[in-house]
Amino acid sequence: MSIGLLVIVIVLIAAAGFLAGRARARRASEGDTRALHSLVGFHGQAVFLFTAVPALLLIAVWLLVQPAVIAERVTGLLASERSEGALNLALGDVHRVAAGLDRLVAQGDLSEAAVAGLSVEGTDLRRTLGTAGVAVAGRVRGEVLTAAREYRRLTHLSARAMTIAAIALALAGLGFSLARITVEFRARNVSERFVLMLFIGSSLIAVMTTFGIVASLLVESIHFFSLYPARDFFFNLTWNPQFGGGSSLGIWPLLWGTLYISFVALLFAVPVGLLSAVYLSEYATRRMRAFVKPAIEVLAGIPTIVYGLFALVTVGPFLRDFFAQPMGLGTSSSSVMTAGLVMGIMLIPFVSSLSDDIINAVPQSLRDGSYGLGATQSETVKQVILPAALPGIVGAILLAASRAIGETMIVVMGAGAAARMSVNPFEAMTTITVKIVSQLTGDTEFASPETLVAFALGMALFVFTLMLNIVALYVVRRYREQYE
Amino acid sequence: MTDAAFPPARPRGGSLLEPDARTLRRNAAEARFRLYGVTAIAIAMIALMILLISILSHGTSAFRQTFLHLPIALDEAVLDPSGTRDPAALRKVTTIGYGRLIDRALGEAIAASGITVEGLGKSDISRMVSRQAAATVRSAVLADPALIGTTQEFRILASSRIDGYMKGRVTQDSAARDSNVSPAQLHLADALRAQGLLGTSFNWRFITDPDASELRPEAAGLGIAILGSAYMMIVVLALSLPIGVAASIYLEEFAPRNRFTDLIEVNISNLAAVPSIVFGILGLAIFINFAGLPQSAPVVGGLVLTLMTLPRIIIPARAAIKAVPPSIRDAALGVGASKMQTVFHHVLPLATPGILTGLIIGLGQALGETAPLLLIGMVAFVRDYPEGLPGGLFDPASALPVQIYNWTQRADPAFAERASGAIIVLLIFLLAMNAAAIVVRRRFERRW
């Protein structure tokens, strides 16, 4: 049974349970529903929830865990593969062969019995699979065929077991909740408690996501550090991954590029964002505000890929032709300056809307006091409002910095790929995020340090931005409380 | 108290109407400060203008495409030597055979209209036509074998350089330096256009066709990318709406103030600020490597984007729920509703506009997100449309922003034009979503 169908069946069982629960409650009350503790609808609802939810959760968990369990079992059959990389390749072959066999059976070209009788010697398996649109590299080895057969057997077994288990669980829930229906049964409280549990579960997803992020980064980073010395990663000053091993994977050139580009971006975004926020909140007329504020917010709604393309086709060539080349500083259109400037544009709305909030939070009484002493508007801004808002603005800048450090598409398309530590802003440099993308989308095998380094870089990025965020949120919150 | 230094008093005899030097200085500082503010706003506005103009000016031409209008003789001797019209036999004729027919038809058309161009070689003529054209004619013939032996009018794609020449991207100068196109071809294109055989028209296939290989940018389209993005948005919507609303209700209405609730709240606000690429790493490690879901499938993209969007939906949803005045809850509780009934019957309907606005904006962000999708393998080149729902969720597909990234990484400048065109499509979708959010807010927002 396909998963979609299974879900529909379970929902139908639950819907039937809803009707049955209502009818049963009515019968229990002997026609006078006022005798019931809860309205009949609540009885039906309780049955529905107890029938559908556990079964659907079971399906979700089963789908998530099943491939890992099956892979574990199949791996045992591929005993001859010594290295992890070869094993992964063989597993990929197993998946493809199994998918091809499935398709052949589905098309009616091959019977289940014929699959069991297939051998590597007898027929040209590769060509047969080719007719099903499955390409396998090289000859199919006996071991792979056996594993593929086992894989198919286990997947089919698992699918059948899941169907049976899910329906059985649904029916068990149905029976259990129907049996509970009596006149005194507090169906409303039970079903509301159940819904509350679902609410709690939903809000726990955020915690589980964080846990998932930390766990996946940590596991693979530890894996990486077992293949590559941590000392070199943290202290080596060169980044030079090699296909054949012997790479030097020092984080410093990437960190330098990241910080340099973020610095340029903030150098552009902070004054522009802050001053426009000040102007909009202290000087601008209502009409101007109504026009300019949404326009700045448009900048915030534009996806980063658009900024990336802007850097690539417009800003990069412009800076190269009019600044870098005449000044003899470089010939590359992707540079720290390109990425930094475009990222700065992206950050303007971020800085300005945060500062706007913070400036508006400064109490009017402070302004009035300053004006009462005869200060001009700009003196009030510079000597009263900004100092009062300073902690909040620092928090906003830190949040913007964390945004800049984690930004990916603009630097992928605008900063270049050369890991370099130089002070020339018109030279191409690279960042942590660029290297995460390039190491994980490259062709190197997964278990090599060249790929796994992406997880260590991800860990560094995560820790770095997390610290900035925590400090910034703390500062902003402390500041807000000050005037409330 | 006594040591406060007084500024020097206004000199006697000075007039109030005539500002002194210090007032002038302070007023100048005031004017300067205003100027800084105006400059900052002007910089932001100019940046926005340049950004939009640059994308629009690069991209609008992607929606138009140059076509050749040719009568092609579908020669039976080439297409069906056996004369049986047997589909299996017809399939044996590859695009090379059809390519020859097109070349012949183009040669005849040139001869018939009396065009002579100096230095035009035979291969120059065949390279006027896109490599995709033969496939177009072939599928037309396979769909209707009765066409064989007749002469049919076809609208076939011109090659990308000719297309570029029509749009001004390729010039005689650049053609002289380009090995893919010769100046003679451009003269021929001019002559063909004068004869009405070559023309540029609106190109629906840019929006509906799948991506095409490096060598035929003129045939590349966004069909699969749009479909893949739509599938992902369906997954994000189906998961993040119920989960996000449930979490917000719990945190606003039910959660006791304790460590556990604090933990959840801190987590949500931190997740909202985690770089999106980290979610891509999470998706790669958990959904693909651990759970074994297929690479480049919309379901994985949808799951990753859901996790990323959830905190961005929960935060406005909580604000919307919080904005419902307590008197409503008190009234409902007062007439005997349970806490859950109060929430579902009264609070939630009143908070719906705010929740929907946040949801639409969150979906818009998810639609434009690229980095996490790169890591879960959505960069792959996909030629086949995914199936319908729900099975299609597990088929390989592309996504709009990833398709744009993909095109920018290709060498041919024709792909840069298409990337900008794709961005226009993406921006139109985002604009529509944001407009919907504004309408919802205007229409249903209630001030208390």
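The radius of gyration is taken over C-alpha atoms, and the globule rule is 2.2 Å times the number of residues to the power 0.38. A compact globule of 484 residues would come near 23 Å by that rule, but chain A has 31 Å. The model is predicted: local features need pLDDT of at least 70, side-chain atom pairs count only at pLDDT 80 or more, and totals for chains, interfaces and linings use all residues. Residues are numbered from 1 along each chain as its sequence is written, while chains are lettered from A and ligands numbered from 1 in the order in which they are written.

The C-alpha trace of chain A spans about 90 × 75 × 40 Å along its principal axes. Chain A has 17 helices and two strands (DSSP runs numbered from the N terminus: helices are H or I, at least four residues; strands are E, at least two). Of its 484 residues, 42% count as buried (20 or more other C-beta atoms within 10 Å of the residue's own, placed from the backbone).

Chains A and B touch. The contact takes 70 residues from chain A and 72 from chain B (C-beta atoms, placed from the backbone, within 7 Å). Helix 7 (residues 187-227) of chain A gives the most to the chain A side, with 19 residues.

The largest nonpolar core has 192 residues (buried Ala, Val, Leu, Ile, Met, Phe, Trp, Tyr and Cys joined through C-beta atoms within 7 Å). Helix 9 (residues 252-282) of chain A gives the most to this core, with 18 residues. I404(B) is among the members that touch the most others. Its contacts include I305(A), L309(A) and A419(B), not counting residues up to four places away in sequence.

Methods: Contact = placed C-beta atoms within 7 Å. Buried ≥ 20, exposed ≤ 12 C-beta atoms within 10 Å, placed from the backbone.
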